[in-house]
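Have a look at the structure first, and then we'll go through it piece by piece.

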Amino acid sequence: MSEERGTMQKIAKMLGPSVGIGVVVGLVAGFYVGFSDVDLWALTDTAPREPAVYIAALLAVAYIFGGIAAFAAVSFPKQLHKLLEMEADDIADQPELFRWQGASAMQFGFAIGTLILAEPFGLLAPGTAFGIFAMFVLLGIASYRKSWVMMDELMLAAASEATVIGYYMILIVGGGWAVLGHLGIAAGPSFLDIVNILWGMIILATLWTSTRRGIVGG
């Protein structure tokens, strides 16, 4: 129980700066809207109503900024190693590993963002969006495979554990939701909800195993 509490405290510590950045951005945006001629009510008329769209946008931003953080930490390990909640020496010793993982995260984020641009905003035709999405997913997988061969035993064990945990989280959350929808107890997940569950559970599983094993947040 104490180990799980410690893991949750580490995760909360890692998410703290992100929450702070979100608050600052929100305040800046609020002041901008308040002192400009932006008609918020007109914007809300055209904004998508589905929560899944905004969850997907948050996931895309999380992946992209995670990748940017990896590149920044590799470029300036002594100054920015806290972005990854790791020791500067660990990052400096394996720069290629973190570059490839950063590239992979950014490519997955761009893939998710492509889906939103296609539907509901309609900025991309479905066929074009699918082609771009598939390209980014394949690039992300290839980049992650590059980093896989550079991982040490602890990282490999954590990655394998995250895969198993992610599978069961997807099974419980996504499968459970689908069952409730099938039985008419609740509205079933949309296609974008399923995408969010797949990509979101992977983030949570990776974060959990990495902090629990002391790779990050130590």
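## A pocket to start with

The second largest pocket has a volume of about 260 Å³. On a 1 Å grid over the protein atoms alone, a pocket is an open set of points where a 1.4 Å probe fits, with protein on both sides within 12 Å along at least five of seven lines. Its volume is the space filled by probe spheres set on the points, which are joined across faces, edges and corners. Rolling a probe the size of a water molecule over the atoms shows where empty space is left.

Who lines this pocket? The lining of the second largest pocket is made of Glu50, Ala52, Val53, Leu115, Ala118, Glu119, Pro120, Ser190, Phe191, Leu192 and Val195, where a lining residue has an atom within 4 Å of a point. By type, that lining splits into 8 nonpolar, 1 polar and 2 charged residues. Here Ala, Val, Leu, Ile, Met, Phe, Trp, Tyr, Cys and Pro count as nonpolar, Asp, Glu, Lys and Arg as charged, and the others, Gly among them, as polar. Helices H3 (51–75), H6 (95–118) and H9 (191–212) each give at least two residues to the lining, and the largest share, 3 residues, comes from H9.

## Where the model comes from

This is a predicted model, in which local features need pLDDT of at least 70 and side-chain atom pairs count only at pLDDT 80 or more, while totals for chains, interfaces and linings use all residues. Residues are numbered from 1 along each chain as its sequence is written, and side-chain values use heavy atoms, with hydrogens and water left out.

## The whole chain

The protein chain has 9 helices and 0 strands. Helices (H or I, at least four residues) and strands (E, at least two) are DSSP runs, numbered from the N terminus. Of the 218 residues in the chain, 32% are buried, meaning under 20% relative accessible area; exposed means over 50%, and partly exposed is in between (1.4 Å probe, protein chains only).

Now for contacts, which are heavy atoms within 4.5 Å. Among contacts between residues at least 6 apart in sequence, 71% join residues at least 24 apart.

## Two helices side by side

Two packed helices are described by the angle between their axes and the distance between the axes. For H3 and H9, the angle is about 35 degrees and the axes are 10 Å apart. The axes are lines fitted to C-alpha atoms, for helices over the stretch in contact, and angles run from 0 to 180 degrees between N-to-C directions.

Which residues meet here? Ala52, Val53, Ile55, Ala56, Leu59, Ala62 and Tyr63 in H3 meet Leu192, Asp193, Asn196, Trp199, Gly200, Ile202 and Ile203 in H9. Together they divide into 11 nonpolar, 2 polar and 1 charged.

## A few residues up close

Is serine 143 buried or exposed? Serine 143, in helix H7 (residues 126–148), is buried, because its relative accessible area is 4%. Leaving out residues up to four places away in sequence, serine 143 touches Trp100, Ala103, Ser104 and Gln107.

Helix H8 (residues 153–182) holds glycine 175, which is partly exposed at 28% relative accessible area. Not counting residues up to four places away in sequence, glycine 181 touches Ala186, Ala187 and Gly188.
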